[in-house]
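Have the coordinates open while you read.

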Amino acid sequence: MSRQRSMEKILAAEYVTIGELVRLTGSRYSTLKFYTEEGMLPFEQEEKKLTRRYKREKSLERIEYIMKLRLEGKSISEIKEILGVPADNTH
């Protein structure tokens, strides 16, 4: 079992895990996983079995923007179109 990084270290890190994004945004893990799988939340992954790494600042901005669009009543497909995510983009 891995130890969680302190919030101070997370806030200073260039890359974070999905679990750390959950802590930073208060979003549900399942929501961020869905956004990732739908291609709405970009990540880097060196090999298939390695942890997905998210650029902290860009990911926080993207999540905030998606939440804003959801509050405006936009559907997932509308948001994907706004974000420029190809219709068949799933990881």
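## Phe 34 and Tyr 35

Phe 34 is partly exposed, at a relative accessible area of 35%; that label covers anything between buried (under 20%) and exposed (over 50%), using a 1.4 Å probe and protein chains only. Tyr 35, at 8% relative accessibility, counts as buried.

A word on provenance: this is a predicted model, where local features need pLDDT of at least 70, side-chain atom pairs count only at pLDDT 80 or more, and totals for chains, interfaces and linings use all residues. Residues are numbered from 1 along each chain as its sequence is written, and side-chain values use heavy atoms, with hydrogens and water left out.

## Ring pairs and charges

There are 2 aromatic pairs in the structure. The rings of Phe 34 and Tyr 35 sit 6.2 Å apart centre to centre with 55 degrees between their planes, so this pair is tilted. For the labels, rings of Phe, Tyr and Trp (its six-membered ring) pair if their centres lie within 6.5 Å; planes under 30 degrees apart are stacked, over 60 edge-to-face, and the rest tilted.

Phe 43 and Tyr 54 form a tilted pair too, with centres 6.0 Å apart and planes at 55 degrees. This pair links distant parts of the chain, 11 residues apart: Phe 43 is in the loop between helix H3 (29–37) and strand E2 (54–55), and Tyr 54 is in strand E2. Phe 43 is buried at 18%, and Tyr 54 is buried at 1%. Then come the arginines: the charged end of Arg 52 sits over the ring of Phe 43, 4.5 Å from its centre, while Arg 53 lies over the face of Tyr 15, at 3.8 Å from the ring centre. The test here is NZ of Lys or CZ of Arg within 6 Å of the ring centre and within 35 degrees of the ring normal.

## Helix H5

Which residues of H5 (76–83) are buried? They are Ile 79, Lys 80 and Leu 83. Down the axis of H5, the buried residues fall within an arc of 100 degrees, so they line one face of the helix; the arc is that of the directions from the axis to the C-beta atoms. Ser 77 and Glu 81 are exposed on the face turned away from that buried side. Gly 84 follows H5, with a positive phi near 80 degrees.

## The whole chain

The chain has 5 helices and 2 strands, in the order α-β-α-α-β-α-α from the N terminus. These are DSSP runs, with helices (H or I) of at least four residues and strands (E) of at least two, numbered from the N terminus. Buried residues make up 29% of the 91.
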